[in-house]
Amino acid sequence: MDELQQARCIPCEGGVAPANAAEIAGYLSQISGWQVAEVDGVKRLTKIFALRNFVCALAFTNQVGALAEQEGHHPALLTEWGKVTVTWWTHSIGGLHKNDFVMAYKTDEAFQQASGAR
């Protein structure tokens, strides 16, 4: 079973190193369609989710927001007609942490459950 499937977010107050290249590669192998991009020197994990219309996109955005609140880890969300862009990174360390990949996995699960996702 994939490591990310069983994991929960752990509090990250900073003071830990961001994930290294080997860790990032290992975590990426457990999620599909996510890309690592660097913005302003900070690595971020991002994915665009296609939905039927704005109503479905907004519902999915709210679902991801509720998940973020539950886990205490919050993404950047861009909601548009027929798509939602979700971007995870850990602000306190200025990069990627295992938590970001856990939340990407959970975001994918939420998308599978979203009404109108397909």
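The accessible surface of the protein comes to about 6400 Å², and carbon and sulfur atoms account for 52% of that area. The structure described here is a predicted model, in which 46% of the 118 residues count as buried. Taken from the N terminus onward, the elements follow the order α-α-β-β-α-β-β-α, giving four helices and four strands.

**Contacts along the chain**
- When contacts between residues at least 6 apart in sequence are considered, 67% of them join residues that are at least 24 apart.

**The nonpolar core**
- The largest nonpolar core holds 27 residues, and within this core Trp34, Leu45, Leu51, Phe60 and Trp88 touch the most other members.
- Two or more residues of this core come from each of helix H2 (21-28), strand E2 (42-50), helix H3 (54-71), strand E4 and helix H4 (98-113), so that both helices and strands contribute to the core.
- In soluble globular proteins, nonpolar side chains tend to be buried together.

**A nonpolar patch on the surface**
- Phe54, Leu58 and Trp81 together make a nonpolar surface patch of about 340 Å².
- Trp81 is placed in the loop that runs between strand E3 (76-80) and strand E4 (83-88).
- Trp81 counts as exposed because its relative accessible area is 62%, where the cut-off for exposed is over 50%.

Methods
Residues are numbered from 1 along each chain as its sequence is written. This is a predicted model: local features need pLDDT of at least 70, side-chain atom pairs count only at pLDDT 80 or more; totals for chains, interfaces and linings use all residues. Side-chain values use heavy atoms; hydrogens and water are left out. Patches are made of residues with over 30% relative accessible area and no salt bridge: like charges are joined within 9 Å, nonpolar side chains (Val, Leu, Ile, Met, Phe, Trp, Tyr) within 5 Å. Accessible areas come from the Shrake-Rupley method with a 1.4 Å probe; for residues, only the protein chains shown count as cover. A salt bridge is a side-chain nitrogen of Lys or Arg within 4 Å of a carboxyl oxygen of Asp or Glu. Buried means under 20% relative accessible area, exposed over 50%, partly exposed in between (1.4 Å probe, protein chains only). A nonpolar core is a set of buried Ala, Val, Leu, Ile, Met, Phe, Trp, Tyr and Cys residues joined through side-chain atoms within 4.5 Å. Contact means heavy atoms within 4.5 Å.
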